[in-house]
Amino acid sequence: MSEIKTSTDTLFRNGRIYTVNRDQPWASCAAVKAGRFVAVGEEGDVTSFVGRDTNVIDLGGRTAMPGIIDIHNHIMMGGQADLYELRFPSSHSIAQIAAAVKEAAAKAAPGSWIVGGQFGNDLLSKLNTDAAAAELNAASLGHPVLLRDDSYHNRWASREALRIAAVDAETPNPVDGEIGRDLESGRLTGLMVEAASGIIERALAKAGHYTPEMDRAAVARSIGVLNSFGVTGFVDAASMQPILAALKGLDDRGELSAWAVCAMPIVEPGFMFGTAGEELFALRDQYRSAHVKPDYAKMFLDGVPGAKTAAFHEPYVADPVRGCCFRGATMLTVPELIRWLGKCEKLGLAAKIHCAGDAAVTQALDAIEVVRSFNGPTALIHHIAHASYITQDDIPRFAEFGVAADLSPIIWFPTVFLEAHKAAMGAERAQRFWPNRDLKIAGALMAGGSDWPVIPNPDPWHGIEGMVTRRNPAGDFPGASLWPEQALDLETVIEIYTINAARAAGLGGITGSIEVGKSADLIVLDQALFNIPADQIAATNVEMTFFEGRKVYERSQ
């Protein structure tokens, strides 16, 4: 065939392409030019686009679909955990954690920090004892040790780390945080809850443990990991300046192989430091590029259920420290949240609001309702992150106010994480977790994410299977099913991870489906998703990932 003016750069043919475009759900071919799809359909629809220099990729009947959008991760921390930190499963006992720390300490340079995780939320009360502290201090061999829990909201630190951070018996609890002390002796245990975690993290930062070069390598590593799972876009859920700078640098060098949407914190989070709020917002265009979009603000409204720092309408299970009627508390008042939302909307920023408890969800929706009454309709889509425990009355309000439910299903299917919730809240309440089907029926925009590295492995296929089966694909809790009435069909879940997530991230006109004019973000799978049992979805491997028509990952054989 002679070359013609409209010849494409790449042609995907002979495939089972699930487009996530409801007007044309399936195709066998897709043509790409200059990083965009220019034709989608059957052989006859693309023949005229093929020229002498077209790169033809024969899919061999394999399933292809749009790239996945991860609506919630922590891109630099994920890479740091992967490259530089001590890793152990959240199911580890205190003795097993101590053994892992001791092994790392024996190999570490004198005086160097040992950083790692993730201990289970269910261990918090057991760690807050003299005996546990003694075990960690003995294992540390004199090194400063900082361990993070499986929520990334709490820390366990060795005696040397506390000394460097200037934490002693007289140090008061910070606002919205607690410094752990043995209930009988009153001595420090090294447990640091919520805002107290920042005291240790700040000492680590001042020590220069992570260099700018390590930060850049961590972000690059994270992008590669995400591409290997078919992720071609993400929202970084707490973007401080080093993250923005690393992403912009990668894009300037042509090395950023995903759409990067950034949510900038309104105040310093407990685990990151530097410019935040309006001062950081003012710098956002300095870091904006073709693929880096600093268009969101991040707000933390409460903590996590396992540590009893999430805000609920009903009280937690009584304990010796908090008594019988403790419900948790939010970190912002309704007026404060309204003011921040108003500022963000005026600046063209959507908000990603961390709400782990149902009272926090109610407060966020109340504030959004007030802002809507003043500002009227908006194209901005605010997110309620971890929309997991929600009262029935609040479910329809997501659609009413155009709020996206940011879901992290890898967290919720039966895990150690959920076991901590049961201990804190009681089993019955804890298992009324993630009312996904109710949200769908109400018309809410749902978007899927990982919350990596809270979840050590950001594999979206585990989350996809879990949303369909309501079971743990890893088999850690065989036979256990979490609120099975809230299961969703596969088509809906694929939309949650692609076009819905793209819309929630402000990328709906760019990516999320395979349509003419959109970015050629396409992934090729080793399984025919719609022809396999639901409990095999998590075993899906991505064979190839394409970003703007460029191959950015290929699975080694």
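1. At 48% relative accessibility, E554 counts as partly exposed, where buried means under 20% relative accessible area, exposed over 50%, and partly exposed in between, using a 1.4 Å probe and protein chains only. Its salt-bridge partner is K551, with N and O 3.0 Å apart, and K551 is likewise classed as partly exposed, at 40% relative accessibility. A salt bridge here is a side-chain nitrogen of Lys or Arg within 4 Å of a carboxyl oxygen of Asp or Glu.

2. The structure is a predicted model, in which local features need pLDDT of at least 70 and side-chain atom pairs count only at pLDDT 80 or more, while totals for chains, interfaces and linings use all residues. Residues are numbered from 1 along each chain as its sequence is written, and side-chain values use heavy atoms, with hydrogens and water left out.

3. A second pair to inspect is D526 and R555, whose side chains meet in a salt bridge at 3.7 Å, N to O. D526 is partly exposed at 31% relative accessibility, and R555 is partly exposed at 28%.

4. R288 and D295 also form a salt bridge, their closest N and O atoms lying 2.8 Å apart. R288 has a relative accessible area of 31% and is partly exposed, and D295, at 23%, is partly exposed as well. A search of the whole structure finds 33 salt bridges.

5. As for the fold, the protein chain contains 21 helices and 24 strands; these are DSSP runs numbered from the N terminus, helices being H or I of at least four residues and strands E of at least two. For 557 residues a compact globule would have a radius of gyration near 24 Å, and the protein chain agrees, with 24 Å; the radius is taken over C-alpha atoms, and the globule rule is 2.2 Å times the number of residues to the power 0.38. Along the principal axes, the C-alpha atoms fill a box of roughly 85 × 55 × 50 Å.

6. Buried residues make up 59% of the 557 residues in the protein chain. Of the contacts (heavy atoms within 4.5 Å) with a separation of 6 or more, 73% are between residues 24 or more positions apart.
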